[in-house]
Amino acid sequence: MDAYDEGSNARHGPDAPRRPAPPAQRGAPADSAEPDVHPGPEPEPIASDVPPGPPEPDVHPGPEPEPVASLAPPEPVAALVPPEPYPAGEPRTGIAALSPRYQIGVALALAVVAIGVCVHIGMTFLHVAPPNTVTREHGTAVDDWIYPEFEQNWKLFAPNPLQQNISIQVRAGVRGPDGMTLTTGWYDLSAEDGRAIDGNLLPSHTQQNELRRAWDFFVATHDSENRPVGLRGALSESYLRRITVLRLDRDDAVRAATGSSGVIERVQVRSRTSNVPPPEWSREKVSTTPSYRELPWWRVPQDEARGGMR
């Protein structure tokens, strides 16, 4: 074999240009050369008749060794198809089980409920908040939203809560078929409301607040001599009178006293106020004797005589 053979195992002289190293060996440092895994025997020099001349440069270097293919199995390629939202065979539940048309209906219903809740919370906040620009401009709309169903009363949490029991009583002058007028006894309307509320898990707003609010309205618009103060005095009298006439018209005791044939001509209202007795462990002394406030007789118009406006 010629010493200048261009084979992969041929030797080169000290002045011969070095062949480019394989890619795997280019980045390695010079002092960290790894031994060949399968070193082959070095070829022995062969004598020749022609004296060796200067080494010729490698004009056409041999082909670089091809990288050995890895024996590991190829990695699986991720599927390009998006996964289904629900596994095959698993039934959908909740709103997702509905058709698109019903899903839109449910979404609209939830939006309406959310808007209603936000409006109610905003109106309640404006009602209990101190006077401001919004309440001065739209106070009537806020009151129309709150009263009477959503009335806010903070007296229970006040530093000095109510310590009196106030009951509203009424009696009537009833004209019978013979033309004679009969005066009934006093009917405790507050006690009737109390009996209706006692044991009732969902009492009506009428049973709880209608009569009490009517009396508070009257007291706020009249002086201690039961004379109206301001323009709302006559309105409060009419409101309280109509409530009492409606209650008496539905009262079985009044029907029994008049034979169900009498007509209410006039009514009289009074309040009975008594202090709440202190607890046994308290040393406070409070009089429990009730006090009464009687109003004058009110004549009932004909359109209210048989149970209110007709």
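A residue is called buried here when its relative accessible area is under 20%, exposed when that area is over 50% and partly exposed in between, with a 1.4 Å probe and protein chains only. By that criterion, buried residues make up 19% of the 310 residues in this protein. The model is predicted, and local features need pLDDT of at least 70, side-chain atom pairs count only at pLDDT 80 or more, and totals for chains, interfaces and linings use all residues. Residues are numbered from 1 along each chain as its sequence is written, and side-chain values use heavy atoms, with hydrogens and water left out.

The protein contains seven helices and six strands, where helices (H or I, at least four residues) and strands (E, at least two) are DSSP runs numbered from the N terminus. Along the sequence these elements follow the pattern α-α-α-β-β-β-α-α-α-α-β-β-β. Taking a contact as heavy atoms within 4.5 Å, residues 24 or more positions apart account for 60% of the contacts with a separation of 6 or more.

Helix 6, residues 233-250, has 18 residues and spans 27 Å from its first C-alpha to its last, close to the 26 Å expected at 1.5 Å a residue, the expected span being 1.5 Å times one less than the number of residues. Among the buried residues of helix 6 are Gly233, Leu240, Ile243, Thr244 and Leu248. An α-helix has 3.6 residues a turn, so residues three or four places apart point the same way.

Turning to another helix, Tyr102 is found in helix 2, residues 100-128, and Tyr102 is partly exposed, with a relative accessible area of 49%.
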